[in-house]
Amino acid sequence: KAKPQSRRTKSACTGVVHSWTEMNPDICWTFCGMQQVPEEFTKYCIFLADLKVKDALDIGVYRGRSAYFICAVLMRNNPKLQYEMVDIDDKLDHFEEYSEVLPALHRGIPKTSAEYRGKAYDYVFIDAEHTYDAAIVDYENVGKYANVLMGFHDIYAHEYDSYNGGTVRLWNEVLKRESGNEYKTFSEYPNRWMGIGCILKKKG
């Protein structure tokens, strides 16, 4: 995901120049790690640690790094968890090695949320195409059917605003549609950059 900012830094792994340090000059980002703000991703995973779900659907896994970590967290409460990883291209890092220690992992690639339309999973995470028009389809296809929790990445990523409102518009739209449910946000840069949001579905 390209997230242009005004200050520039080099990836320690590839030497490619990126521009992700405007929010905080101490940010260290590389293609070798997860595309997450560590503090907010950590808080999100701590929150997930108390969640017990039987199955999960992750839309837009890219390299798979965040998905591997979330799967490991969820498996602590349910060793029989089924975790479906979905993307349009197979760019997963070391899937075979990770799946040996995380047998919950399943590779649903190449696919989109359309292949899972109307199916209800306990946990759904949406982090695929960041245009509003594509992201709202992911919500309509699978997000709104989540039984326990649906999560969204980049809820404050204004660099996508030019794409018909992008993921910021998506999150605000989801909040309106899910107004009867509790929501939580995890962000080090509220209303400015990245951020993870989730909707907790009411039981019954």
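In which handedness of crossing does helix 1 pass helix 2? The crossing is right-handed, that is, the near helix is turned clockwise from the far one by less than a right angle. The model is predicted, with local features needing pLDDT of at least 70 and side-chain atom pairs pLDDT 80 or more, while totals for chains, interfaces and linings use all residues. Residues are numbered from 1 along each chain as its sequence is written, and side-chain values use heavy atoms, without hydrogens and water.

**View 1. Helix 1 against helix 2.** The two axes (lines fitted to C-alpha atoms over the stretch in contact, with angles from 0 to 180 degrees between N-to-C directions) come within 9 Å and cross at roughly 30°. Helix 1 is therefore roughly parallel to helix 2 (angles under 35 degrees). Contact (heavy atoms within 4.5 Å) involves F41, Y44, C45 and L48 of helix 1 and S66, F69, I70, V73 and L74 of helix 2.

**View 2. The largest nonpolar core.** This core (buried Ala, Val, Leu, Ile, Met, Phe, Trp, Tyr and Cys joined through side-chain atoms within 4.5 Å; buried means under 20% relative accessible area, 1.4 Å probe, protein chains only) has 31 residues. Y44, L48, I70, L74, Y83, M85 and Y123 have the most contacts inside it.

**View 3. Surroundings of Y83.** Leaving out residues up to four places away in sequence, Y83 touches A56, D58, A67, I70, C71, L74, A104, L105, H106 and Y123.

Notes. Buried means under 20% relative accessible area, exposed over 50%, partly exposed in between (1.4 Å probe, protein chains only). Helices (H or I, at least four residues) and strands (E, at least two) are DSSP runs, numbered from the N terminus. Angles under 35 degrees count as roughly parallel, over 145 as roughly antiparallel, 65 to 115 as roughly perpendicular and the rest as oblique.
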